[in-house]
Amino acid sequence: MIGELELAARFLKGKTVAITGSNGKTTTTALVGEILEKAGIPTLVGGNIGVPVVALIDQSTDETWSVLEVSSFQLESTERFHPSIAVILNITPDHLDRHGSFENYALAKERIFAAQHEGDAVVLNADNARAAQAAARSVAKVYFFSVEHSVLRVPGLRRLCCFPPGKDEPIEKIMPLSGIPLKGAHNVENVLAAVCAARLAGATAEQIRTAVESFQAVEHRLEYVATINGVEFYNDSKATNVDAT
């Protein structure tokens, strides 16, 4: 038996960016979709973000990039699901009542790249131990993103970058860290992942920078509400696990 993601993906035209993780999926998916759209690339956004993948089929063309948020629940029933770019933001304990153990949950996440080929790409968080370990089981080209290792050795200057394994130099320098409009260190990681995925999908550095700088927080996810008596209030009602909170 297969699920909706597997079924729909068999009929979806064009290429796919698939994004999973214990936290940050929706924000990163929305950001990648916005970057590609503003870059003039035909883009569809769906999956666990709220729009079923089957609803994208009729709109897809050979030139389309479909940006999909995918959960462990969706991935566990896939067989041939084949994104050109797979992204794992992080893997921390979640849904253990469903998967039975943390390792089973992590392996369900890894199904995002199970059908990839050598010409595909997988983007992993070098700062999350379990996500980084997935590189050993991927046949695709691995790209890491990292907050800890993205600091250029110039006092006062930090730039976002992603880099291939075993190398310290960034493959792209996109924008200063101060250009990120989203709150929280975790959102720096989300932006890094989105930068890598969008760059691999064909967006230029300038297009990425412009899109990131104008991006607004997704509803219910550290969404700015108001400033009252000097105190900033945020709606973060989608923080549904310990790490998210």
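Which residue takes a positive phi in the hairpin of β8 and β9? I'll come back to that after the overview.

This is a predicted model, in which local features need pLDDT of at least 70 and side-chain atom pairs count only at pLDDT 80 or more, while totals for chains, interfaces and linings use all residues. Residues are numbered from 1 along each chain as its sequence is written, and side-chain values use heavy atoms, with hydrogens and water left out.

First, the overall picture. The chain has eight helices and nine strands; these are DSSP runs numbered from the N terminus, helices being H or I of at least four residues and strands E of at least two. Of its 245 residues, 47% count as buried. Buried means under 20% relative accessible area, exposed means over 50%, and partly exposed is in between, with a 1.4 Å probe and protein chains only. The chain exposes about 11800 Å², and carbon and sulfur atoms supply 51% of that. Those areas come from the Shrake-Rupley method with a 1.4 Å probe, and for residues only the protein chains shown count as cover. Contact here means heavy atoms within 4.5 Å. Among contacts between residues at least 6 apart in sequence, 59% join residues at least 24 apart.

Now the interior. A nonpolar core is a set of buried Ala, Val, Leu, Ile, Met, Phe, Trp, Tyr and Cys residues joined through side-chain atoms within 4.5 Å. The largest one has 39 residues, and V17, I35, L36, I85, V87 and I208 touch the most other members. Elements that each supply at least two residues include β1 (15-20), α2 (25-38), β4 (85-88) and α8 (205-213). Helix α7 gives the largest share of this core, nine residues. Take L36 as an example: leaving out residues up to four places away in sequence, L36 touches I41, T43, W65, V67, A198, A201 and A203. Apart from this core lies another, of 25 residues, with L68, L75, F81 and I91 among them.

Strand β1 is mostly covered, with five of its six residues buried. For strand pairing, the rule is that DSSP finds at least two bridges between the two strands. β1 pairs with β3 in the parallel sense over five bridges, and A18 stands opposite L68 in β3. β1 also pairs with β4, again parallel, over four bridges; there V17 stands opposite I85.

One lysine deserves a look. Is K109 buried or exposed? K109 lies in helix α5 (residues 102-110) and, at 2% relative accessibility, counts as buried.

Next, the charged pairs. Side chains of opposite charge can pair when their charged atoms come close. A salt bridge is a side-chain nitrogen of Lys or Arg within 4 Å of a carboxyl oxygen of Asp or Glu. A search of the whole structure finds seven. In one of them the side chains of E79 and R10 meet at 3.2 Å, N to O. This pair links distant parts of the chain, 69 residues apart: E79 is in the loop between α3 (72-75) and β4, and R10 is in the loop between α1 (4-9) and β1. E79 is partly exposed at 49%, and R10 is partly exposed at 34%.

E103 and R130 meet at 2.9 Å, N to O. E103 lies in α5 and R130 in α6 (residues 129-133), so the pair ties together parts 27 residues apart in sequence. R130 also meets E110, at 2.7 Å, N to O. E110 is in α5, so this pair ties together parts 20 residues apart in sequence. Both R130 and E110 are buried, whereas E103 is partly exposed, at 37%.

Back to the hairpin. Strands β8 (residues 223-228) and β9 (residues 231-235) run antiparallel and are joined by five bridges. E223 stands opposite N235 in β9. The hairpin has two residues between the strands, and the residue I asked about is N229, with a positive phi near 50°.

V225, I228, V231 and F233 make a nonpolar surface patch of about 360 Å². Patches are made of residues with over 30% relative accessible area and no salt bridge, where like charges are joined within 9 Å and nonpolar side chains (Val, Leu, Ile, Met, Phe, Trp, Tyr) within 5 Å. β8 and β9 are the elements that give two or more residues to this patch. V225 lies in β8 and is exposed, with a relative accessible area of 54%.
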